[in-house]
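Q: I have a structure on screen and would like to learn how to read it. Can we go through some features one by one?

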Amino acid sequence: MTGRRPLRAALKVLSGDAAARHGADAAAQISELEAALEMARTAIEDARTANARLREAIEILPQGIVFLDSEGRYVLWNEQYSKIYHRSADLFKVGVRLADTLRVGVMRGDYPSANGREEEWIAERLQKLTSPRERHEQWLADGRCILIEERRTSDGGIIGLRVDITELKEREASFRLLFEANPVPMYVVSQTGKTILSANAAARNHYGYPGTDMIGRPVQCLHLGEDSGRLDQLYSSAPGILADHVWTHLKRDGTNIEVAIFSQAIVHERTPAVLVAAVDITERRRAEAQVTYLAHHDPLTGLANRARHLEHAEEMLTAIKESGGIGASLCVGLDNFKSVNETMGPAAGDLLLQAVSRRVAKTLRQGSKAARLGGDEFGIIMPDVAEPEEVSVVARRLIEVISAPYKIQGQQVTIGASIGIAIAPSDGAEAGHLLKNANLALSQVKLRGKGAFRYFEEEMNARAQERRSLESDLRAALETGGLDVHYQPLVSLSTGRIVAAEALVRWTDHRRGYVSPAEFIPIAEEAGLIWALGDFVLTRACRDATSWPEDVRVAVNLSPMQFRCGNVRDMVKAALTATGLAPGRLELEITESLFLDRSNHVLDALAELRKLGTRIAMDDFGTGYSSLGYLCSFPFDKIKIDRSFVEGISGNVEKQAVVRAIVGLGETLGKTITAEGIETADELACLRSIGCEQGQGFLFSKARAQDALLPFLTKRKPKRVA
Ligand code: C2E
Ligand code: CA
Ligand code: CA
């Protein structure tokens, strides 16, 4: 470019010359020229400034920018452009052809998609350059992805934009992976057409559509019986909260599944769509249903459990509160179940409980609900009772049905049933209270002879309380030596001599006074005190008997419960050893209820006792279950005829017939027959005439303390008989 000074000098020469020749004209020309020059200078300055601004502007941009002239030669590029193609950056020079730098890059392996087809690739690339239309992506060898956009400029050149979209591409890839490889079935539905646009592998497998079979189908093909309003809502731009809804979906093979759906509006390939994740909850729902079932049912019998039973009672009470009427709560206890369980094993016990449950369920009328309350106890709720007699009919029927024989593991088993009944709402307007009272009524049945039913009475509450206090006092008496043993003589009816004495436990409580063993023995049995009590009586009786004449035996009562809770033989043996009593002088009294067990265990225990040398007597014969079969199942030494057959026998031919039959049986089988509870001379005379061998009763003597008994024994005849 020409400097200012030489121009001025030239102008001066020119102007001097011109002034000489042309004067003022020349001066005017010069000044015009000067003005033009000034303008040119300004224009150049402006262009420089503009160029600098353009550079600054393109440097600020985050994208790479390149300007090429119409021949494809570099004109201008920014720093970002050099960075993107940093491997070729040293080649970028004004006037260098892009085609040449491309070729260098291709040969160096900068463009993986060009490998193996280099020339072709370069041609394609230059083609795009000369006829730029769309954006395209270019992968570089270092793993980056560049988005390229090129435009023609007005002077035939090209302006090119480069954006590094590697991160975007990675995000897109991970999203695709997240979708396609997700184990949760997912699909995309167009909002407008409600057709399936895309489905991941899990969805395709789950619904049974191979390949692209699912694509393009109307989404209704996945739904079963869903109203269109809800479908529209699900596949709309704002799916909203439908999370609680359980959808029924249809697989291609026609099976139904239950699904929970999570949805989200998205744009799928420029189409407004909804992305749906469908979680199959069929199994979970089944498991939940199972858990609910288990929470409310007894797993062994399938009947409702205690918790559900309480709900049944609550439902009944609510109905009664709303519409009146009465209902009933029955508490059923199985008699003798425990011994079956013990002797035949718990598996047999389970089978028996299942059989009982089936019978109970079959016996109930419509609307009644049965439950197993645990162990051998069942509960029944009977709503809509017109009159209490209806409940009695059901209770009677239940006892009958449950008491019929069962066949368990090839063996015949018989049990009984006792039932306590509480009437709603009078016996309890609150469920827990009602059930408790039915249970209380049941325990009264059990105390007073099983195999029956009883209605709850208000006094039972007081009685139950009294029972608890009796139990604790009895326990204390047992521990502190508050119990005593008295002896009632057994007399030979032919000679009048005392042949034995029965040991009877005695308890005089400081508060209650005399308490009958008939009252406290059942309590001792239930409270687990019978073993200690029995041991005490046995040992004391054996010891006392050692000071009696040698031909006087001692009789001791054994409760069936003692056979259940311990080894009776060992206890007896220990008592005999400790006291030195000859085994032949000990007579053990058992009752028929012991044989309800029908178990070999009892027979074995009795056989062992007999082997020790003790004698076995069947007590209270003729009461309870009275079966001659019991007499055959074990060889007893003695049969004691119950007091009920003796009372008033002289005027009662039926009783005489029964006693005569038993006496005959005794003679035939070689067993001693004893009549219990002889109170009058008439009774004694009658029994003598029938040929009864021994007798016991108030006519001869009440039970006496050892001291009071001894003088009798030495005289060998009770006063009254003498
Ligand atoms: P049990 O074995 O039948 O005993 C006979 C019961 O009848 C005794 O009542 C006796 O006092 C009573 N008795 C005797 N003669 C007459 C009579 O002429 N008329 C009347 N009305 N009663 C008479 P107790 O002592 O009240 O015993 C009742 C029951 O308690 C006994 O009946 C027995 O089952 C049980 N028991 C008593 N002591 C024991 C014991 O030490 N162990 C066990 N396991 N049970 C016992
Ligand atoms: Ca007895
Ligand atoms: Ca008796």
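This is a predicted model: local features need pLDDT of at least 70, side-chain atom pairs count only at pLDDT 80 or more; totals for chains, interfaces and linings use all residues.

Q: Which parts of the chain do Asp-619 and Glu-676 tie together?
A: Asp-619 belongs to strand S23 (residues 615-621), while Glu-676 sits in the loop between strand S25 (672-675) and helix H24 (681-690), so the pair ties together parts 57 residues apart in sequence.

Q: Are Asp-619 and Glu-676 buried or exposed?
A: Buried means under 20% relative accessible area. Both Asp-619 and Glu-676 are buried.

Q: What coordinates the calcium ion (ligand 2)?
A: Its donors are Glu-502 (OE), Asn-557 (OD1), Glu-589 (OE) and Asp-619 (OD), at 2.1 to 2.3 Å. Written as a pattern, the spacing of these donor residues is E-x54-N-x31-E-x29-D. Glu-502 in strand S19 (residues 498-509) and Glu-589 in strand S22 (residues 586-590) link distant parts of the chain, 87 residues apart.

Q: What are the relative accessible areas of Glu-502 and Glu-589?
A: Glu-502 has 4% and is buried. Glu-589 has 1% and is buried too.

Q: Now the helices. At what angle do helix H11 and helix H12 pack?
A: For a helix pair, read the angle together with the distance between the axes. Helix H11 (residues 337-344) and helix H12 (residues 346-363) pack at about 140°, with their axes 6 Å apart. That angle makes H11 oblique to H12.

Q: Which residues make the contact?
A: On H11 they are Phe-337, Val-340, Asn-341 and Met-344; on H12 they are Pro-346, Ala-348, Gly-349, Leu-352 and Leu-353. By type, the contact has 7 nonpolar residues, 2 polar and no charged.

Q: Last, the whole chain. Into which domains is it divided?
A: The division gives domain 1 (4-56), domain 2 (64-164), domain 3 (169-285), domain 4 (308-457) and domain 5 (468-715). The C-alpha centres of domain 4 and domain 5 are 35 Å apart.

Terms used. Residues are numbered from 1 along each chain as its sequence is written. Chains are lettered from A and ligands numbered from 1 in the order in which they are written. Side-chain values use heavy atoms; hydrogens and water are left out. Domain bounds come from an automatic or database domain assignment. Helices (H or I, at least four residues) and strands (E, at least two) are DSSP runs, numbered from the N terminus. Buried means under 20% relative accessible area, exposed over 50%, partly exposed in between (1.4 Å probe, protein chains only). Axes are lines fitted to C-alpha atoms, for helices over the stretch in contact, and angles run from 0 to 180 degrees between N-to-C directions. Angles under 35 degrees count as roughly parallel, over 145 as roughly antiparallel, 65 to 115 as roughly perpendicular and the rest as oblique. Contact means heavy atoms within 4.5 Å. Ala, Val, Leu, Ile, Met, Phe, Trp, Tyr, Cys and Pro count as nonpolar, Asp, Glu, Lys and Arg as charged, and the others, Gly among them, as polar. Donors are N, O and S atoms within 2.8 Å of the metal (3.2 Å for Na, K and Ca); water is not among the atoms, so sites may look incomplete.
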